[in-house]
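Keep the viewer open as you read.

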Amino acid sequence: MSVRDASGALKGVVVLSLDHRHLMEFTQHITPAEDRYLVFPSYDSGNYAFMFDDEGWIITHPKYWDIRGLDPQGKLVAPYSVDSSPELVAKGIIPYNLRAAGFIHDNYPRVAEAVSNGRAGVVDVTNVGGSSKIMAYAPIYFDSGGYKQRGVFGGITIGAELQIFHKPAEEAASLIRKEFTQFVSESWMLISVTGLLVLVVAWQLAGSIADPLLQLIASTKEMARGNLSTQVVVTTHDEVGALASSFNSMANELNLRRDKLLRTLGALRHSRREIMRERNFKKTIVENIETGILTLDSNHQVTSVNGPAARILQLAPIAGAMPLPELLESWPEVLKGLEGAWPFQDPGPWSQYVNLDRKGKKLTFRLALLPLSSGKSAGDILTVEDLTERVNLRQRMERIERLASLGRLSA
């Protein structure tokens, strides 16, 4: 989106870039079934949401292979079609485009076309797995950049498997029909016996019962559309009143479960942030101290090397575990200094000074070894300190002191 000043001159451009995992957060936890929020959606159930762009390409979906990508030659992969190879489909590398999915169900192209024209709606579809479902869709309006012509970024859908979608409404409707049928039968019997007067009374009675039942039917349909806060006013204490009370209890229970799940998801996100913060804190300390650190497993395999150790020993980054002699192949003096390090004889850490010569320059390293745990050996930590400057400084100080003593003697 361009940013302009009061005179209309271009000042700059604002860009919002979303990682694919961020887009998935909008759809992957939503389902229209009883548990309306999930950690991971089930594709086979047919109860999930997905998002697609203005050209019909899937951009978020429970099946990651439905996302369009590039082949090894860098070319865009063609959409899933009736001619797609079963082997490639089984590998999960064929993307899905609603405009090319008419062979699966003819409503998929209609949904893509409707969203491109800025329309929302509800259709019956059948997915690739053969699950029959009801799918609601709506456009995502966006009128900047390449989307300015149509005015939409794409669309978002939420679908429910037919049997699960209709189950609550069918159960409530069945119970309502049973009560209503019984009432009508009794009313007609009463009308046939008592005549016109009873007919008037029965009509009034029908109104007093049918209205709550109709209200209950309307509330059931409202709940089926996703409004879980729907409540029915209980005005009687008969079977219809008990049915209305049961309906209200069911709605409250669904709301409680949704709130509990949302709190659980919030706690999980908080725990994840704490873990990431602690990991980054430890990583910052290890990478910014002056001492080189190498972690070893119980078999003396090097599992990690921090930045100072790589700089002191001139080591390349390692991938996975690596034997210590192989890693320090160009430092035989260090390997020789570590010969007496294992096994530990004292409860405290082991240390050793190593003098070596590199490119005509004398170096002094201090090696220290300490176990990772105090119990059964789970590995060790090897520290390497470059004390060359410190040792050279001490030697120069000793030389100055000797010269000073010689001067005093000469005097």
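Start with His300, which sits in the loop between β8 (292-296) and β9 (301-305). His300 is not a glycine, yet its phi is positive, at about 60°. Most residues other than glycine have a negative phi. In terms of solvent cover, His300 is partly exposed, with a relative accessible area of 29%. On this scale buried means under 20% relative accessible area, exposed means over 50%, and partly exposed is in between (1.4 Å probe, protein chains only).

A word on the source: this is a predicted model, where local features need pLDDT of at least 70 and side-chain atom pairs count only at pLDDT 80 or more, while totals for chains, interfaces and linings use all residues. Residues are numbered from 1 along each chain as its sequence is written, and side-chain values use heavy atoms, with hydrogens and water left out.

Now zoom out. The chain has 10 helices and 13 strands, and 31% of its 411 residues are buried. Take the contacts between residues at least 6 apart in sequence: 41% of them join residues at least 24 apart. Contact here means heavy atoms within 4.5 Å.

Two strands count as paired if DSSP finds at least two bridges between them.

You can follow the pairing across the sheet. β8 and strand β13 (residues 380-386) run antiparallel and are joined by 5 bridges, with Gly292 opposite Val384 in β13. Next, β12 and β13 pair in the antiparallel sense over 7 bridges. Then β11 pairs with strand β12 (residues 361-371), again antiparallel, over 9 bridges; there Gln352 stands opposite Leu367 in β12.

Which residue in β13 is the bridge partner of Arg366? That would be Glu385. Arg366 itself is found in strand β12 and is partly exposed at 23% relative accessible area. Leaving out residues up to four places away in sequence, Arg366 touches Ser351, Gln352, Tyr353, Thr383, Val384, Glu385 and Leu387. One of these, Thr383, is 17 residues from Arg366 along the chain, and their C-alpha atoms are separated by 8.0 Å. Also in strand β12 is Pro371, partly exposed at 36% relative accessibility. Pro371 and Thr295 are 76 residues apart in sequence but 9.7 Å apart in space, C-alpha to C-alpha.

Is Lys133 buried or exposed? Lys133 counts as buried because its relative accessibility is 1%. Its side chain makes a polar contact with the side chain of Tyr48, at 3.5 Å. A polar contact is a pair of N or O atoms within 3.5 Å; within protein, one must be able to donate a hydrogen and the other to accept it, and residues adjacent in sequence count only if both atoms are side-chain atoms. Not counting residues up to four places away in sequence, Lys133 touches several others, among them Gly46, Tyr48, Val123, Asp124 and Glu161.

Glu25 is in the loop between α1 (20-24) and β3 (48-53) and is partly exposed at 41% relative accessible area. Between Glu25 and Thr60 there are 9.2 Å from C-alpha to C-alpha, for residues 35 apart in sequence. Val3, in strand β1 (residues 2-4), is partly exposed at 32% relative accessibility.

Key
Helix = DSSP H or I, 4+ residues; strand = E, 2+ residues; numbered from the N terminus.
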